[in-house]
Amino acid sequence: AVLGQIKAMEPELNSYVTIDEEGALKQAEEIQKRIESGELTGPLAGVPAAVKDNICIEGLKTTCSSKILSDFVPTYTAKAVENLKQAGAVIIGKTNMDEFAMGSTTETSAFGVTRNPWNPEHVPGGSSGGSCAAVAAAECFFALGSDTGGSIRQPASFCGVTGLKPTYGTISRYGLIAYGSSLDQIGPVAKDVTDCAAILEVLASHDEKDSTSVQREDHEFTKYLTGEVKGLKVGIPADYMGKGLDPEVKEAVLKAAKVLEEKGAVVETFGLGMVEYAIPAYYVIASAEASSNLSRFDGVKYGYRAKEYTGLHGMYKKSRSEGFGPEVKRRIMLGSFVLSSGYYDAYYLKALKTKALIKKAFDEAFSKYDVILGPAAPTTAPRLGESLSDPLKMYLGDIYTISVNLAGLPGLCVPFGTDQKGLPIGVQLIADCFQEKNILRAGFAVE
Ligand code: GLN
């Protein structure tokens, strides 16, 4: 049924970069046998899933939606995918994304834009736009995304699906092609909070191949889905509700607050602080790490190499010039600049200090509240082509999501109604590190 839906929807949506029909049917057959023999049980057994194209699967093309990796076939599988396979999920294919996960619309993909299933004139968000569109259009039952600065939560909001970015270290990054390593987390995109919690139970595991992987004891995330939020302390940052926020999105957040209040939660508005520094700090840190991570793509070890060049440096230069798209080049230049010896203290170090202060602001907030409630994005999905011409404006759209990555916190985006144009609105729930239970509890009560 899912392959049929893909055939029907893909000509319009382009959610996938690679569809592995043959492999999926083979996996399904094997899984069917394991289910019948009683060896395989559990909620993901036989469930068709998609994987963002920056997460490696052995033998299946992994492109990061970039020309430079257009023929790259990994020889190993990401731990997160390994866990899904163990649980019996059927991997259908790889989803489209902004090139190297840099962008907020999926328009920077080298393989064409993905369209929003709610209205194909609009973007699906990004960078996990393919994963979110695929789930919204029933081209899979759930998908993996990655979130460095909102790339699961923002497209989830634009596509009317549920997306979870867990606490940094919860899901192994082994096999995730790095963008900003200190910020990157894999997470589930699914139809609802219950599915997200069940998938997280499978994905969360310690992995010695990722030195930042955490050994968590609390693996039963579904047990918090009771609908009970009595006494839960919820804070709405006043700094998230002011200038720049679309009135319809604001209304949705206030309505979600009302739902929680009616169910017995205690909701309050408070001043979070540091919000205006999140975007500059994020774009300095993320670009710095990106410029370092992307230095491995030189035309030698991986992927694309220019056809004609003179000398070794000429080969690097031409391969990279031809292989990377404009947004990726912008990040590499910005990152190399802020890391260069004359500017390191002024930009990179300052951004790290800002990051520490942002974490402190959240620590203070979580001494008073169990959950922070706010918007996931300032607007609903923009029209195709609106954001590409103005990168600064696009960066400003990340205002509510990126501080969560800077502070390493878990964040959940839950669909909550639509705007007048019929486009989905998502609300975001944020908790302290390792307190996914609070946002899952609140999210389940709100959806
Ligand atoms: N808009 C963010 C960026 O371009 C999204 C990053 C992400 O989470 N992958 O950096």
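This is a predicted model: local features need pLDDT of at least 70, side-chain atom pairs count only at pLDDT 80 or more; totals for chains, interfaces and linings use all residues.
Student: What makes the eleven strands an open sheet, and in what order do they lie?

Tutor: The order is β1-β3-β2-β4-β6-β5-β10-β11-β9-β7-β8, with mixed pairing. The edge strands are β1 (16-19) and β8 (266-270), and each of these pairs on one side only. On average, neighbouring strands are turned by 30 degrees against each other, direction ignored.

Student: Which helix packs on this sheet, and which strands does the helix touch?

Tutor: Helix α2 (residues 21-36) packs there, touching β1, β2 (48-52) and β3 (90-95). The direction of α2 makes about 155 degrees with that of β3.

Student: What about β11: with which strands does β11 pair, and in which sense?

Tutor: Strand β9 (residues 371-375) pairs with β11 in the antiparallel sense over four bridges, and Ile430 in β11 is the bridge partner of Ile372. Strand β10 (residues 411-418) also pairs with β11 in the antiparallel sense, over six bridges. In that pairing, Thr418 has Pro424 as its bridge partner. β9 is also joined to strand β7 (residues 233-237) by two bridges, and that pair runs parallel. Gly235 stands opposite Ile372 in β9.

Student: What lies between the two strands of the hairpin formed by β10 and β11?

Tutor: Five residues lie between β10 and β11. Gly422 in the turn has a positive phi of about 85 degrees.

Student: Why is β11 called mostly covered?

Tutor: A residue is buried if 20 or more other C-beta atoms lie within 10 Å of its own. Seven of the seven residues of β11 (residues 424-430) are buried. The burial holds for both directions: Pro424, Gly426, Gln428 and Ile430 point one way, and Ile425, Val427 and Leu429 the other way. In a regular strand the side chains alternate between the two faces of the sheet.

Student: What makes β4 mostly covered as well?

Tutor: Six of the six residues of β4 are buried. One side carries Phe142, Leu144 and Ser146, the other Ala143, Gly145 and Asp147, and all are buried.

Student: Why is helix α14 called largely enclosed by the rest of the structure?

Tutor: Ten of the eleven residues of α14 (residues 436-446) are buried, so the helix counts as largely enclosed. Among the buried residues are Glu436, Arg441 and Phe444. The buried residues pack against α6 (193-203), β7, α7 (247-262), β9, β10 and β11.

Student: Thr194 is placed in helix α6. Is Thr194 buried, exposed or partly exposed, and how do you know?

Tutor: Thr194 has 18 C-beta neighbours inside 10 Å and therefore counts as partly exposed. Buried would need 20 or more, and exposed 12 or fewer. Leaving aside neighbours within four places in sequence, Thr194 is in contact with Thr222, Leu225 and Phe444. The C-alpha atoms of Thr194 and Arg441 are separated by 9.9 Å, although the two residues are 247 residues apart along the chain.

Student: Why are helices α8 and α10 called roughly perpendicular?

Tutor: Helix α8 (residues 278-293) and helix α10 (residues 326-339) pack at an angle of about 100 degrees, with their axes 7 Å apart. Angles of 65 to 115 degrees count as roughly perpendicular, and α8 and α10 are therefore in that class. The contact includes Val284 and Ala288 of α8 and Ile332 and Leu339 of α10. By type, the contact residues divide into seven nonpolar, four polar and one charged.

Student: Which residues come nearest to the ligand, and what kinds of residue make up the shell?

Tutor: Of the 13 residues around the ligand, Ala101, Ser104, Thr148, Gly149 and Ser151 come nearest. The shell divides into four nonpolar, seven polar and two charged residues.

Notes
Residues are numbered from 1 along each chain as its sequence is written. A residue is near a molecule or strand if its C-beta atom, placed from the backbone, lies within 6 Å of it. Ala, Val, Leu, Ile, Met, Phe, Trp, Tyr, Cys and Pro count as nonpolar, Asp, Glu, Lys and Arg as charged, and the others, Gly among them, as polar. Two strands pair if DSSP finds at least two bridges between them. Axes are lines fitted to C-alpha atoms, for helices over the stretch in contact, and angles run from 0 to 180 degrees between N-to-C directions. Angles under 35 degrees count as roughly parallel, over 145 as roughly antiparallel, 65 to 115 as roughly perpendicular and the rest as oblique. Two residues are in contact if their C-beta atoms, placed from the backbone, lie within 7 Å.
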